[in-house]
Amino acid sequence: MANVVVVGAQWGDEGKGKIVDWLSERADVIARFQGGHNAGHTLVIDGEVYKLHALPSGVVRGGKLSIIGNGVVLDPWHLLGEIETLRAQGVTITPETLMIAENTPLILPFHGELDRARESQNSVAKIGTTGRGIGPCYEDKVGRRVIRVADLADDATLELRLDRALIHHDALRRGLGLEPIDRDAVLAKLRDVAPAILEYAAPVWKVLKEKRKAGKRILFEGAQGALLDIDFGTYPFVTSSNVIAGQAATGVGVGPGAIDFVLGIVKAYTTRVGEGPFPTELDDDDGQRLGERGHEFGTTTGRKRRCGWFDACLVRQTCATSGVSGISLTKLDVLDGFETLKICVGYELDGKTLDYLPTAADEQARCTPIYEEIAGWSESTEGARSWADLPAQAIKYVRRIEELIDCPVALVSTSPERDDTILVTDPFAD
């Protein structure tokens, strides 16, 4: 059976939550493979709003197995709080419906403290981090001093791992003017939370091998967007993990042959949260209109998103680095009523024309967009569920995007509601 990877193909906030939830009806397993609770997915199901940060989007759909993979960094206290919030909304979450990879790194309180201290004291160039400790936790993972889920089961190992981490962190804290970490307090918190987390712990790689052997469909869920990838994003204004589709395999413990279709989620315009280059950003009435109509505020931070025209160069680039098979175009309805729309088809840099965003940060900052104009439409596309429901000019806009990004459209989303989706190509089709 086909297995599908879902990745954001811009700077995040593309509407992955809704699409993953919509696709999860066709899947048996939904596996989150990277990021932390800095990501936010908002789902609207029968008028009920669910806000997810650490949990896979498929958790709100009954009868599915949701997995948090080893490529994720996990704040155990946040996770338990999120579970309780969803239970209060009537969602059933048990060890039969949720599994956490035993080798998943844990975000501890001092990770967030370090994250916030660095950002507040950084007078050179702020990154725009959410301050939730994701970056410092990934640093500890690479530095081989992180505490993982399995470590919670053995007190001696837990103390050893914590002591190794504190040698590093207390030295950093002295340089930032922070008090030393209270070892006993952190250890007590970990011992307290351990039973609740270990209840969900499992050898996820083995579970997925068995599911694949049984012919089950797996949906691999990414967070954020490819332009925030630590290697291929607009560095250094990026996240601390690999976001592109290749991470799906290592982030849960399967081989690349397990991936059959890569679905890139693409907003019909462009947004970004935080610092960093943004060639098509609009500081005018059109930008304000996009933000207001699209309700462009971060699910996690509440920060206002920067808005701009669709950038075909960037999306073509991310489709290449993620090996995207087809895109899901979201928020098409936000463009209703614009007389004229613009699409970025290239950049001008120091008198030269480029068809990609260069790697060097100084060159990225100097790139100016080359636009192609296309007529808009006055009719509403909100709630459309078939091509026949779309205005002719909206279809032309979608088709032009396909041409410019060199990738077909597989889905079109026309509202936050789960069923307001036009299916062009089923990613799960064998």
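Modeller: Let us begin with Lys16, which lies in helix 1 (residues 16-24). Please bear in mind that this is a predicted model.

Colleague: Why is Lys16 called buried?

Modeller: The relative accessible area of Lys16 is 3%. Buried means under 20%, so Lys16 is classed as buried. Leaving aside neighbours within four places in sequence, Lys16 is in contact with Val6, Val7, Gly8, His41, Gly222, Ala223, Gln224 and Ile265.

Colleague: What makes the pair Lys16 and Glu14 a polar contact?

Modeller: The side chains of Lys16 and Glu14 are joined at 2.8 Å. A polar contact requires N or O atoms within 3.5 Å, and the value of 2.8 Å for Lys16 and Glu14 meets that limit.

Colleague: How far apart are Leu52 and Gly17 in sequence and in space?

Modeller: They are separated by 35 residues in sequence and by 8.3 Å in space, C-alpha to C-alpha.

Colleague: Where is Thr280 placed, and what makes it buried?

Modeller: Thr280 is in the loop between strand 10 (270-272) and helix 9 (285-293). Its relative accessible area is 0%; because the limit is under 20%, Thr280 is buried. Not counting residues up to four places away in sequence, Thr280 touches residues including Thr270, Cys307, Gly308 and Tyr371. Trp309 is also among the residues touched, and its backbone oxygen lies 2.8 Å from a polar atom of the Thr280 side chain.

Colleague: Which residues of helix 10 (residues 312-322) are buried, and what covers them?

Modeller: The buried residues of helix 10 are Ala312, Cys313, Leu314, Val315, Thr318, Cys319 and Ser322. Their cover includes strand 1 (4-8), strand 9 (261-267), strand 12 (310-311), strand 13 (326-330), strand 14 (340-349) and helix 12 (392-405). At the start of helix 10, a side-chain oxygen of Asp311 comes to within 3.1 Å of the backbone nitrogen of Cys313. After helix 10 comes Gly323, with a positive phi near 60°.

Colleague: Why are helix 2 and helix 6 called oblique to each other?

Modeller: The axes of helix 2 (residues 76-88) and helix 6 (residues 183-198) come within 10 Å and cross at roughly 45°. Angles under 35 degrees count as roughly parallel, and roughly perpendicular begins at 65; helix 2 and helix 6 are therefore oblique. Their crossing is left-handed. In helix 2, Pro76, Trp77, Leu79 and Leu80 meet Lys189, Leu190, Val193, Ala196 and Ile197 in helix 6. By class, this contact has 8 nonpolar, no polar and 1 charged residues.

Colleague: What makes helix 3 and helix 5 roughly parallel?

Modeller: The axes of helix 3 (residues 109-121) and helix 5 (residues 155-176) come within 11 Å and cross at roughly 20°. The limit for roughly parallel is under 35 degrees, so helix 3 and helix 5 are given that name. Helix 3 passes helix 5 in a left-handed crossing. Among the residues making the contact are Phe110, Leu114 and Ala117 of helix 3 and Leu162, Leu166 and His169 of helix 5. By class, the contact of helix 3 with helix 5 has 8 nonpolar, 3 polar and 3 charged residues.

Key. Residues numbered from 1 in each chain as written. Predicted model: local features only at pLDDT ≥ 70, side-chain atom pairs only at ≥ 80, totals over all residues. Heavy atoms only, no water. Axes fitted to C-alpha atoms, helices over the stretch in contact; angles between N-to-C directions. Helix = DSSP H or I, 4+ residues; strand = E, 2+ residues; numbered from the N terminus. Parallel < 35°, antiparallel > 145°, perpendicular 65-115°, else oblique. Left-handed = near helix turned anticlockwise from the far one by under 90°. Contact = heavy atoms within 4.5 Å. Nonpolar A, V, L, I, M, F, W, Y, C, P; charged D, E, K, R; others polar. Buried < 20%, exposed > 50% of the residue type's maximum accessible area, 1.4 Å probe, protein only. Polar contact = N/O pair within 3.5 Å; in protein donor to acceptor, adjacent residues only side chain to side chain.
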